[in-house]
Amino acid sequence: MRRRPLAALPRRMHAALASALLALPVALLPRAPARAFPDRPMTMVLPYAPGSGADAFARAMGEHFARVLGQPVVHVNRDGGSGVVGMRFVATSPPDGHTFGLTPMTAIVVQPHMVRNTGTTPDNFAPICGTNENVLSVVVRADSPVRTLADLVAEGRRRTLSYGSPGPNSLPQLAVWRVQRATGVEFNHIPFRGDPPHLTELMAGRLDFSASVVSSASEFINDGKLRLVTVFSEGRAGDYPAVPTAREQGIDALQFSQVGLYAPAGTPAPVLDRLEAACRSGLEDPTVRRVAANTRVVLRSMSRADFTGMIRSEYAAYGPILRELGVQPE
């Protein structure tokens with residue numbers, strides 16, 4: 001018997017066939033093949049101005065991701081708001097793993113307490129891994145009479161000192177804020193969009209000092225243009241062991257800054273697994289480690305679970321800390 005084409009079947013038979021298909025269990029219906037991740041170029045968002053040591057490290061990590069995951073990584077600098085502009089872009093991107101951000105924790109654990117409706121709380125992200133510590137510091141020009149933190153405070157009592165930071169309410173600014181609270185001295189804060197612009201202003205003589213990430217200033221420190229006065233970590237910076245921490249100089253101003261990778265909330269766990277594995281192998285990659293060493297980036301690897309726990313803990317801790325510092329959300 002000759003078969004009639006489907007289109008020639010009576011309309012009632014089409015309806016019956018459709019009903020039969022709808023009645024089938026979902027598991028028996030044909031499915032489109034799942035796409036392997038990643039299936040297109042990825043975007044790494046860097047929420048600060050280009051040109052710093054951290055920028056070079058991020059690009060080295062992106063090149064490693066491209067090698068091990070088989071897709072190019074496009075680097076996009078979206079600076080502003082101490083990381084909020086770039087990280088809000090990450091948070092609102094499709095949660096498929098193709099867009100992620102590399103950032104200090106400022107935009108996630110500090111800024112939401114200081115600026116309303118940032119859209120960058122821990123609930124907006126799926127942390128991937130911790131990568132490094134931003135060692136925070138005070139630097140001055142090489143011809144400055146300030147050599148210690150005590151010198152800086154004493155000079156600040158004699159006249160108003162202006163300083164730059166990588167952004168309003170950034171962790172470097174918060175470190176100087178702690179110095180002010182501990183000593184009663186007041187400095188004039190001028191926020192910039194990232195470290196390179198205010199370091200340029202410092203060397204031009206238009207600022208008295210800078211609150212900077214050490215890796216951003218290291219080229220100028222090593223060239224003899226800037227002097228490292230102190231760091232705000234628990235221990236001394238590995239490349240500058242002669243420079244005492246703030247606490248060693250008698251001022252209780254500890255300020256930790258963990259850097260890491262974040263995907264949008266809702267990114268599937270298998271995708272996060274692949275990204276975390278690429279991150280972990282990247283921090284062991286000789287090329288990445290060489291770039292980190294050359295730019296004075298202090299590697300500090302954290303697993304996804306540990307990094308997620310730390311971010312949530314730091315976010316909870318900063319609420320009362322900032323209230324104690326007298327900060328009111330804008």
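1. Let's start with Glu155, which counts as buried because its relative accessible area is 14% (buried means under 20%, exposed over 50%, and partly exposed in between, using a 1.4 Å probe and protein chains only). Glu155 sits in helix H5, residues 149-158 (helices are DSSP runs of H or I with at least four residues, strands are runs of E with at least two, and both are numbered from the N terminus). Its side chain makes a polar contact of 2.7 Å with the side chain of Arg159. For a polar contact, a pair of N or O atoms must be within 3.5 Å; within protein, one must be able to donate a hydrogen and the other to accept it, and residues adjacent in sequence count only if both atoms are side-chain atoms. Leaving aside residues up to four places away in sequence, Glu155 touches Val146 and Leu161 (contact means heavy atoms within 4.5 Å).

2. A quick word on the model. It is predicted, so local features need pLDDT of at least 70 and side-chain atom pairs count only at pLDDT 80 or more, while totals for chains, interfaces and linings use all residues. Residues are numbered from 1 along each chain as its sequence is written, and side-chain values use heavy atoms, with hydrogens and water left out.

3. Now find helix H8, residues 214-222: 7 of its 9 residues are buried, so the rest of the structure largely encloses it. The buried ones are Val214, Ser215, Ser216, Ala217, Ser218, Phe220 and Ile221. Just after H8 comes Gly224, with a positive phi of about 80°.

4. Which cysteines does a disulfide join? They are Cys129 and Cys279, with 1.9 Å from S to S. A disulfide is a covalent bond between the sulfur atoms of two cysteines; here the cut-off is a pair of cysteine sulfur atoms within 2.5 Å, and the count comes to 1. The link of Cys129 and Cys279 is right-handed, with 85° about the S-S bond. Cys129 belongs to strand S4 (residues 125-133) and Cys279 to helix H9 (residues 269-282), so the pair ties together parts 150 residues apart in sequence. Both Cys129 and Cys279 are buried.

5. On to the rings: there are 6 aromatic pairs. Rings of Phe, Tyr and Trp (its six-membered ring) pair if their centres lie within 6.5 Å; planes under 30 degrees apart count as stacked, over 60 as edge-to-face and the rest as tilted. Phe65 and Phe100 make a tilted pair, 5.6 Å centre to centre with 45° between the planes. Phe65 is in helix H2 (residues 53-69) and Phe100 in strand S3 (residues 99-104), so this pair ties together parts 35 residues apart in sequence. Both Phe65 and Phe100 are buried.

6. Tyr262 and Phe307 are tilted too, because their ring centres are 5.2 Å apart and their planes stand at 55°. The pair links distant parts of the chain, 45 residues apart: Tyr262 in strand S10 and Phe307 in helix H11, residues 304-324. Tyr262 is buried at 0% relative accessible area, and Phe307 counts as buried at 0% as well. Ring pairs link Phe125, Tyr262 and Phe307 into a cluster.

7. Finally, look at Pro264 in strand S10, residues 258-264. Pro264 counts as buried because its relative accessibility is 0%. Not counting residues up to four places away in sequence, its contacts include Val90, Pro94, Asn124 and Phe125.
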